[in-house]
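Please read them beside the sequence and the structure shown below.

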Amino acid sequence: MVITSKSNPKVKAIASLKERKFRKEYKEYLVEGVKMVTECIAAGKHVTQLICTEEYAGSFPQALVVSDEVFGYISDEKTPQGVCASVKIPDLSPRRPKGNCILLDGLQDPGNVGTVIRTANAAGFGEVYLIGGADPFSPKAVRASMSGIFFADVMCGNAEEVLGVLEGIPKICADMGGQNAFSFEKPDKFCLCIGSEGNGISQTVKRNCEYTVAIPMQPTCESLNAAVSAGILMYLMGADKR
């Protein structure tokens, strides 16, 4: 049976996950696309509902099949692929990191947040901490993470909660006034702190940082994108060299 009504309860529930308040209420997020959904399932994530169009019904026999119009209503994509899933949001309570980690202090752009999560997963930074800023489980952040959201341990909290679990771990602040990151001698274990796109690192986090580093730039360049800066520094100072 193909669902053709947008008022179907399951359709309405999964479509609502495009909004932060409903993600918070249901503790679920939306994953879209054949590759992303397939990798989500392979990663063992808790998928609560699969939905697809008739085109993909053979590949996802357990999915709820909907019309193209209904899928367009559910989707957050400009050109929907025809497969999506609702997935349980894991426990986001801040916990002690196992290795090198990264802290995002008030990043507002979900695309930047997702890109940092993607790069952290690639570079071997297993834990990503967020203080305020964009929701890492928004559709745009999930897309930008390119499945990194399934493998990185993402944790959210206020400054006191996050800095509390990071107590005793050297923290490195990325800031224009810091020493050259390319000559910086990093500690064995550390937390890299990246500030918001407009305001940089907050004073609360900066006061807790033992080191400050900067990426050298030509005088014609005022700053780098937050996600680009994070990527350069993660690979420069802590990438898994395997």
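1. The model is predicted, and the comments that follow should be read with that in mind. I begin with strand 9, residues 191-195, which is mostly covered, five of its five residues being buried. Cys191, Cys193 and Gly195 point one way from the strand, while Leu192 and Ile194 point the other way, and all are buried.

2. On the pairing of this strand, strand 5 (residues 101-105) runs parallel to strand 9 and is joined to it by five bridges, with Leu104 standing opposite Ile194. Strand 8 (residues 171-180) also pairs with strand 9 in the parallel sense, over three bridges, and here Lys171 has Cys191 as its bridge partner.

3. Turning to the rings, the count comes to five aromatic pairs. One of them is formed by Phe22 and Tyr26, which are stacked at 6.2 Å centre to centre with 20 degrees between the planes. Both residues lie in helix 2 (residues 20-26), four residues apart, or about one turn of the helix. Tyr26 is partly exposed, at a relative accessible area of 34%.

4. Phe125 and Phe190 form an edge-to-face pair, 6.0 Å centre to centre and with 65 degrees between the planes. This pair links distant parts of the chain, 65 residues apart: Phe125 is in the loop between helix 5 and strand 6, and Phe190 is in the loop between strand 8 and strand 9. Phe125 counts as buried because its relative accessibility is 1%, and Phe190 counts as buried because its relative accessibility is 0%.

Definitions and conventions
Residues are numbered from 1 along each chain as its sequence is written. This is a predicted model: local features need pLDDT of at least 70, side-chain atom pairs count only at pLDDT 80 or more; totals for chains, interfaces and linings use all residues. Side-chain values use heavy atoms; hydrogens and water are left out. Buried means under 20% relative accessible area, exposed over 50%, partly exposed in between (1.4 Å probe, protein chains only). Helices (H or I, at least four residues) and strands (E, at least two) are DSSP runs, numbered from the N terminus. Two strands pair if DSSP finds at least two bridges between them. Rings of Phe, Tyr and Trp (its six-membered ring) pair if their centres lie within 6.5 Å; planes under 30 degrees apart count as stacked, over 60 as edge-to-face and the rest as tilted.
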